[in-house]
Amino acid sequence: MNKVDVILGLQWGDEGKGKVVDVLTPRYQAVARFQGGPNAGHTLEFNGEKYVLRSIPSGIFQGGKTNIIGNGVVLDPILFREEATALAKSGHDLKGRLQISKKAHLILPTHRMLDAAQEAAKGSARIGTTGKGIGPTYTDKVSRTGMRVGDVLGPEFRAVYDRVKARHEATLRSLGYVYDIAELERQWFDAVEYLKEFRLIDSEYEINRLLAEGQPVLAEGAQGTLLDIDFGSYPFVTSSNTVCAGACTGLGIAPSRIGEVFGIFKAYCTRVGAGPFPTELFDETGARLRDLGHEYGAVTGRERRCGWLDMVALKYAIMIDGVTQLIMMKSDVMNDFDTIRVATAYEIGGERTDRFPYAVDAPIVPVYKEFKGWKCDLRKFRRYEDFPAEFKAYVEFIEWETGVPVRIISVGPDRDETIVR
């Protein structure tokens, strides 16, 4: 029986997973998303076109592949229809290639309202949610009051919807939140009819069937490890398990079925929204990283906070995920820097540690190691051997510290600017 390989972000999301999945997918028969919702934007660029995927797996551009939205995903029918129709216009046949788990939970119009109302009620303690209704949908899932994709096929569909909506509206009234969802609701029911045109499946059976037949499967995560509900910088986290174990619960595969674990990280660090970020730069260097790296959210357009690579956090993520191969993105962003720094430890309350702490809101002072910049354009290289010695020293330091090989290095946004070692 074949294994499921897993591809994950190792930082706070936005590591460049979409591009790498697209590079890796030729090896796989199926690509499956296992958690998250339409707050995640995976950007892919090729043939001069740019695509942003939010819920649809990044393998959709490879002809003849099966793409599965797993049970761990939360799906907004309106945003799904927008995404799917845009892809269909660009000539990609979705209905033949995309399957959706009946056990995935649905984001309702009132979930979006709850997201906005609850974030507003937090005042200065806001966590910087994208407002897409993801947190409230996962809350309903855990409290066993949610709606699932399979419900749209049942005779009680409208009654189930009305029950969930009534409960949400009672909460919204208690928060004093004023809203009008008439138009959103009309679009939502239209989009549900569109959703029903796809193959709605028991994805756990489908994925295990593929494995039993010897077909290779790639599981695709959204966001990043440091946003995991259990292991991230709580409470500034997402509402799902973004770590490797999330692929088991989000797709219905046994832990023994996990094969390679590809961990993606940027050559520096970024974070969107609120929350701790020990190596964040508030100076001109941080602004340069943001501008050179085009660090703005694919879905929200929000500016990303930028800082140096954090080895404490990276090694923590590698441990939790069981990463077997590393993939380094956006190395070219630092082409012109004289000096590059990497945090190798933290100082917290006068004590030095190489462990990611429980209380990430404590004042953390990073301990840095300095590297000489490579001062050349990495985008022109296509073989690892040809890279400058300064860049190779940076890569090999990361390998030495983590004990994991850096197998793929990306030096630009295009498909061919990807060096596989």
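Asp228 is placed in the loop between strand E10 (217-220) and helix H8 (245-251); helices (H or I, at least four residues) and strands (E, at least two) are DSSP runs numbered from the N terminus. Asp228 is buried and has no salt bridge. The nearest side chain of opposite charge is that of Arg271, 12 Å away. Buried means under 20% relative accessible area, exposed over 50%, and partly exposed in between (1.4 Å probe, protein chains only). A salt bridge is a side-chain nitrogen of Lys or Arg within 4 Å of a carboxyl oxygen of Asp or Glu. Lys and Arg count as positive and Asp and Glu as negative, while His and the chain ends are not counted.

The model is predicted: local features need pLDDT of at least 70 and side-chain atom pairs pLDDT 80 or more, while totals for chains, interfaces and linings use all residues. Residues are numbered from 1 along each chain as its sequence is written, and side-chain values use heavy atoms, with hydrogens and water left out.

## The sheet

Ten strands make up an open sheet of mixed pairing, in the order E9-E7-E5-E2-E10-E1-E11-E15-E19-E20; two strands pair if DSSP finds at least two bridges between them. E9 and strand E20 (418-420) are the edge strands, each with a single partner, so one side of each has no neighbour in the sheet. From one strand to the next the twist averages 20 degrees. Helix H1 packs on this sheet and touches E1, E2, E10, E11, E15, E19 and E20, with its direction at about 155 degrees to that of E1 (axes are lines fitted to C-alpha atoms, for helices over the stretch in contact, and angles run from 0 to 180 degrees between N-to-C directions).

Strand E7 (residues 98-101) is covered on both faces: Leu98 and Ile100 are buried on one side, Gln99 and Ser101 on the other. E7 runs parallel to strand E5 (residues 66-69), joined by three bridges, and Leu98 is the bridge partner of Asn67. Three bridges also pair E7 with strand E9 (residues 199-201), again in the parallel sense. Here Ile100 is partnered by Leu200 and Ser101 by Ile201.

Asp14 lies in the loop between strand E1 (4-9) and helix H1 (17-24). An unreviewed UniProt entry annotates Asp14 and Gly41 as "binding site"; such annotations use the numbering given here, have shortened feature names, and may be inferred rather than shown by experiment. Leaving out residues up to four places away in sequence, Asp14 touches Lys266, Thr270, Val272 and Arg304.

The whole structure holds 27 salt bridges. One of them joins Asp14 to Arg304, with the closest N and O atoms 3.3 Å apart. Arg304 is in the loop between helix H9 (284-292) and strand E13 (305-307), 290 residues from Asp14. Asp140 and Arg167 form a salt bridge at 3.0 Å, N to O; this pair links helix H4 (residues 134-142) with helix H5 (residues 157-174) over 27 residues. Lys315 and Glu401 also meet at 3.0 Å, N to O.

| Residue | Relative accessible area | Class |
|---|---|---|
| Asp14 | 27% | partly exposed |
| Arg304 | 8% | buried |
| Asp140 | 7% | buried |
| Arg167 | 32% | partly exposed |
| Lys315 | 25% | partly exposed |
| Glu401 | 25% | partly exposed |

Through shared partners, salt bridges connect Asp14, Lys266, Glu295, Arg304 and Lys330 in one network.

Definitions and conventions
Contact means heavy atoms within 4.5 Å.
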